[in-house]
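Student: I've got a protein open on my screen and I'm a bit lost. Could you walk me through how to read it?

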Amino acid sequence: MRREGLYVLLLVIGGLALTLTSVAGLENGLARTPPMGWMPFERFRCVTDCVKFPRDCISERLFMRTADLLVSEGYAAAGYKYLIIDDCWMEKERNAITAELMADRERFPSGMNHLSAYIHNKSLKLGLYHDIGKRTCMHLGPGAHGHYSIDAKTFANWNVDYVKLDGCYVNGIDLNTAYPAFGQALNRTGRPMVYSCSWPYYQNHPNFELIKKHCNLWRFADDIRDSTESIAKIIFKYFKRQDHLTKHVAPGSWNDPDMLVLGNYHLSYDASRLQLAMWAVLAAPLIMSNDLQTVRPEIRALLQNRDIIEVDQDPLGIPGHCVLMSGNIQVWLRPVMPTNNIGVRSFAVAFANIGDYNECPLCPQTFRIILQNLGLTNQMGYTAYDLFDSKRKVGLFKPKDQFTIRINPSGVEFYKFKPEDIYPLSIHFASASASASASVFATISAVALTLQFNYSL
Ligand code: GLA
């Protein structure tokens, strides 16, 4: 009896520990790299009149057409897998009997299960918008308030893979408890769903330590618009808070600077490059908002640039920092794979020309930098690759070498610097004595430390 009592006690303690862990942390194993996909809001907003605007209205036709194009135009193969339905998909009120959410019956006549199956049959994933408050931001549909469990179950029944949870109409609601509670309701369904939270955006002093525990990604800035100014504003916001924002990023937890707006009306080719490079350096989700049917081929090529996507999706999951700002020029560094033979990392480096601070804001700018001043101190140097032009050989640069570029206005140059192997190490392994070994390692760790130190500057 005593023994059984002990087992019961252990089981209870074990169960409690398990419950506490699942309550304390998200760890849903999802979004190990920043999610990639498509979302309509910036481009299609909340158009609900399908009679007047059949191509633009938020309807199953738009999502089916986009699912087809994601695949046929090569985006899905490049990694853009999440097709996320933003606001304005719901009926104005819940089902009067079951209290369940319902998709708008006129614009989604086949129902959400049908659309979900259509999307999954194309090996894509389905995302759905909701709001933690009393109404969605466009006020067209009910928010989740008071219905977390039932809404999470509805999403699971529709085989949703990703939930974007906004934070409008939250008077009297404590976001620091509401967002975790909705996340737990999602977890309880047993269906893995990426959890995208707008939580910090709606707070003056967000607790990122808490947010990171409950969300896979989180918005921290205003809604993006189709303009260079809007992109610059978001970058500056990140810059001002970068020490804070970057601390909480890791595989499974990402800052979300909002959608990619390449392929719409207002971005120049250079500004399109700028947004893409900067989002990759920040380790941001790459969620396009555009009409895939009208994206010009050169912009489609940018969006599908495998080298840049590889930077964005780098498995280390370390976000970039701005390490230098001088006039219009900003230099952003992100440590990425691969490493050399002693573990020194590569860097993706974006040289951005943003703003209008100098006497010729609309001119290309020449920029020169000695590499070691950026923290690139690998003794054997780095091979530089132009991430926008994989065929261009840029060359080998030693830490004391000067790197010189011209950067177009509202544009960017984006390079990957791969560290060369350090050969004395292999020579040493073949022949040298144990004491020589110690000194080689001392030199190497000094190099690594400098790199670390310079980088964190
Ligand atoms: C908020 C969000 C946007 C979009 C709209 C929809 O503004 O930040 O991304 O989801 O709501 O209403």
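This is a predicted model: local features need pLDDT of at least 70, side-chain atom pairs count only at pLDDT 80 or more; totals for chains, interfaces and linings use all residues.

Student: Where is Ser289 placed, between β8 and α12 or elsewhere?

Tutor: Ser289 sits in the loop between β8 (286-288) and α12 (297-303). Helices (H or I, at least four residues) and strands (E, at least two) are DSSP runs, numbered from the N terminus.

Student: Is Ser289 buried or exposed?

Tutor: Buried means under 20% relative accessible area, exposed over 50%, and partly exposed in between (1.4 Å probe, protein chains only). Ser289 has 0%, so it is buried. Contact means heavy atoms within 4.5 Å; beyond its neighbours within four places in sequence, Ser289 is in contact with residues including Trp38, Phe41, Arg43 and Met259.

Student: How do I read a helix?

Tutor: An α-helix has 3.6 residues a turn, so residues three or four places apart point the same way. In helix α5 (residues 112-121), the residues Met112, Leu115, Ser116 and Ile119 are buried. Looking down the axis of α5, the buried residues fall within an arc of 100° (taken from the directions from the helix axis to the C-beta atoms), so they line one face of the helix.

Student: What do the buried residues of α5 pack against?

Tutor: They pack against α3 (60-72), β2 (82-85) and β3 (125-131). Just after α5, Ser123 takes a positive phi of about 60°.

Student: And which residues are around the ligand?

Tutor: Here we list residues with a heavy atom within 4 Å of it; among them are Phe41, Asp86, Asp87, Arg219 and Met259. The shell divides into five nonpolar, no polar and six charged residues, with Asp, Glu, Lys and Arg counted as charged, Ala, Val, Leu, Ile, Met, Phe, Trp, Tyr, Cys and Pro as nonpolar, and the others, Gly among them, as polar. An oxygen atom of the ligand is 2.7 Å from an N or O atom in the side chain of Asp86.

Terms used
Residues are numbered from 1 along each chain as its sequence is written. Side-chain values use heavy atoms; hydrogens and water are left out. A polar contact is a pair of N or O atoms within 3.5 Å; within protein, one must be able to donate a hydrogen and the other to accept it, and residues adjacent in sequence count only if both atoms are side-chain atoms.
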